[in-house]
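Hi,

Here is the structure I promised to pass on, with my notes below it. Have a look at it first, and then read on for what turned up.

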Amino acid sequence: MVDEPPDEPAKGALPRGRVAFVVTDIDGSTALQRRLGHAFPAALARYRELLDHACTRHAGRVAAVRGDATLCVFANPLAAIAASIEAQAAIEAERWPGGARLSVRAGLHVGDAEPFRGTYVGLAVHQAMRIAAAGHGGQILLSEASVEATHGRLAGGCTLRELGRFGLKDFARPETLHQLCYPGLRSHFPLPRTLSIRGHNLPSAPSPFVGRNDLRSRLGQLLRERRIVSVVGPAGTGK
């Protein structure tokens with residue numbers, strides 16, 4: 001789970017100023033570890049290797065690691081997006097031990113930050129962690145600041161899907177979350193896992209009482225005349 005800033009520092013120079021943060025972790029890592037047993041450390045090491053390779057190819061750095069949570073940093077938000085896509089594709093294509101499926105969620109946020117003792121601390125890091133925690137395995141979520149930082153210059157085939165405004169833990173203002181979509185990657189997921197939903201743009205479920213005005217009126221009359229009314233019918237009929 002992504003909950004606290006990863007605290008294993010990276011080596012070498014880190015970007016400062018306006019930084020693109022990518023936080024990843026393995027969705028359902030506890031169940032995966034239980035399933036893989038002694039094979040889990042090797043799978044974890046391979047996951048980190050694939051992530052590090054994608055970051056390095058796009059001029060990024062793995063700034064910190066804690067368990068299966070990883071903090072990657074980039075000076076360029078477009079590079080952060082490209083690395084996220086490459087890492088997800090590599091993880092999906094990998095053959096994991098025991099036929100298991102290692103499913104990684106990622107959150108991307110751009111904010112002002114300065115390196116501190118070889119890694120980063122600050123609200124921008126925490127916001128990236130909250131965004132990652134809201135996602136599902138295989139999903140890449142972006143903050144509004146991340147989208148604005150790209151200036152609409154996304155790589156070919158890459159699109160963004162606005163999901164709506166959602167509440168993030170410890171942040172008073174709701175965040176507009178966007179899903180990064182790319183050919184070959186999974187694109188259908190449940191609603192983000194957030195504390196509260198603030199005006200999402202997904203369609204509402206239809207009312208089970210559409211076209212039943214007469215029945216509703218009759219039911220209201222019975223409730224006024226009697227203390228107890230039983231409504232009987234098969235499951236799924238909208239009782």
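The largest cavity in this predicted model has a volume of about 80 Å³. Searching the whole structure turns up one cavity of 30 Å³ or more. Its lining is made up of 13 residues, with Val22, Thr24, Leu51, Ser84 and Ala87 lying nearest the centre. Two or more lining residues come from each of β2 (17-26), α2 (40-57), β4 (69-74), α3 and β5 (104-113).

Helix α3 covers residues 77-93, 17 residues in all, and spans 24 Å from first C-alpha to last, close to the 24 Å expected at 1.5 Å a residue.

On the strand side, β2 is mostly covered, with eight of its ten residues buried. β2 pairs with β5 in the antiparallel sense over ten bridges, and Gly17 stands opposite Ala113 of β5. β2 also runs antiparallel to β4, joined to it by five bridges; there, Ala20 has Phe74 as its bridge partner.

Happy to talk any of this through once you have had a look.

Best wishes

Methods:
Residues are numbered from 1 along each chain as its sequence is written. This is a predicted model: local features need pLDDT of at least 70, side-chain atom pairs count only at pLDDT 80 or more; totals for chains, interfaces and linings use all residues. Side-chain values use heavy atoms; hydrogens and water are left out. Helices (H or I, at least four residues) and strands (E, at least two) are DSSP runs, numbered from the N terminus. The expected span of a helix is 1.5 Å times one less than its number of residues. On a 1 Å grid over the protein atoms alone, a cavity is a set of points where a 1.4 Å probe fits but cannot get out, and a pocket is an open set with protein on both sides within 12 Å along at least five of seven lines; lining residues have an atom within 4 Å of a point. Grid points are joined across faces, edges and corners, and a volume is the space filled by probe spheres set on the points. Buried means under 20% relative accessible area, exposed over 50%, partly exposed in between (1.4 Å probe, protein chains only). Two strands pair if DSSP finds at least two bridges between them.
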